[in-house]
Amino acid sequence: MKQTYNKLIRDKILEKLDSKNIQYSSYIAGDIEYKEKLDNKLQEEVDEFLKDQNIEELADILEVIHTQTKKL
């Protein structure tokens with residue numbers, strides 16, 4: 001069964017999929033699309049933190065911000 005995930009890739013997930021011989025397809029977003037996806041991801045993580053007050057969500061927020069600063 002084929003599953004579709006419209007997600008940013010991180011944590012060397014493609015290498016992990018390769019090591020498990022899991023087939024996938026991916027593409028590299030252009031600069032504008034990548035920034036939009038990062039902005040959306042930041043909003044998602046902030047919303048999750050505000051809902052759950054989970055410290056792990058704060059770590060995710062920091063990770064997105066760190067990635068955004070590398071792209072400026």
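Asn21 is exposed, at a relative accessible area of 69% (exposed means over 50% relative accessible area, buried under 20% and partly exposed in between, with a 1.4 Å probe and protein chains only). This residue is found in the loop between α1 and α2, where helices are DSSP runs of H or I with at least four residues, numbered from the N terminus. Although Asn21 is not a glycine, its phi is positive, at about 55°. Gln53, in the loop between α2 and α3 (55–71), likewise is a residue other than glycine with a positive phi, near 50°, and Gln53 is exposed, with a relative accessible area of 52%.

The model is predicted, so that local features need pLDDT of at least 70 and side-chain atom pairs count only at pLDDT 80 or more, whereas totals for chains, interfaces and linings use all residues. Residues are numbered from 1 along each chain as its sequence is written, and side-chain values use heavy atoms, with hydrogens and water left out.

The structure holds four salt bridges, a salt bridge being a side-chain nitrogen of Lys or Arg within 4 Å of a carboxyl oxygen of Asp or Glu. One of them joins Glu33 to Lys37, with the closest N and O atoms 3.9 Å apart; about one helical turn separates Glu33 and Lys37, because they are four residues apart in helix α2. Glu33 is partly exposed, at 27% relative accessibility, and Lys37 is also partly exposed, with a relative accessible area of 24%.

Lys41 forms a salt bridge with Glu44, the closest N and O atoms being 3.2 Å apart, and Lys41 forms another with Glu45, where the corresponding distance is 3.0 Å. Through these shared partners, Lys41, Glu44 and Glu45 are joined by salt bridges into one network. Glu44 and Lys41 are three residues apart in helix α2, while Lys41 and Glu45 are four residues apart in that helix, about one turn. Glu44 is partly exposed, with a relative accessible area of 30%, but Glu45 counts as buried because its relative accessibility is 3%.

Helix α2 (31–52) and helix α1 (13–19) each supply at least two residues of the lining of the largest pocket, and α2 provides the largest share of that lining, six residues. Ile13 lies in helix α1 and counts as partly exposed, at 31% relative accessibility. Ile13 and Val64 are 51 residues apart in sequence, and their C-alpha atoms are 16 Å apart in space.
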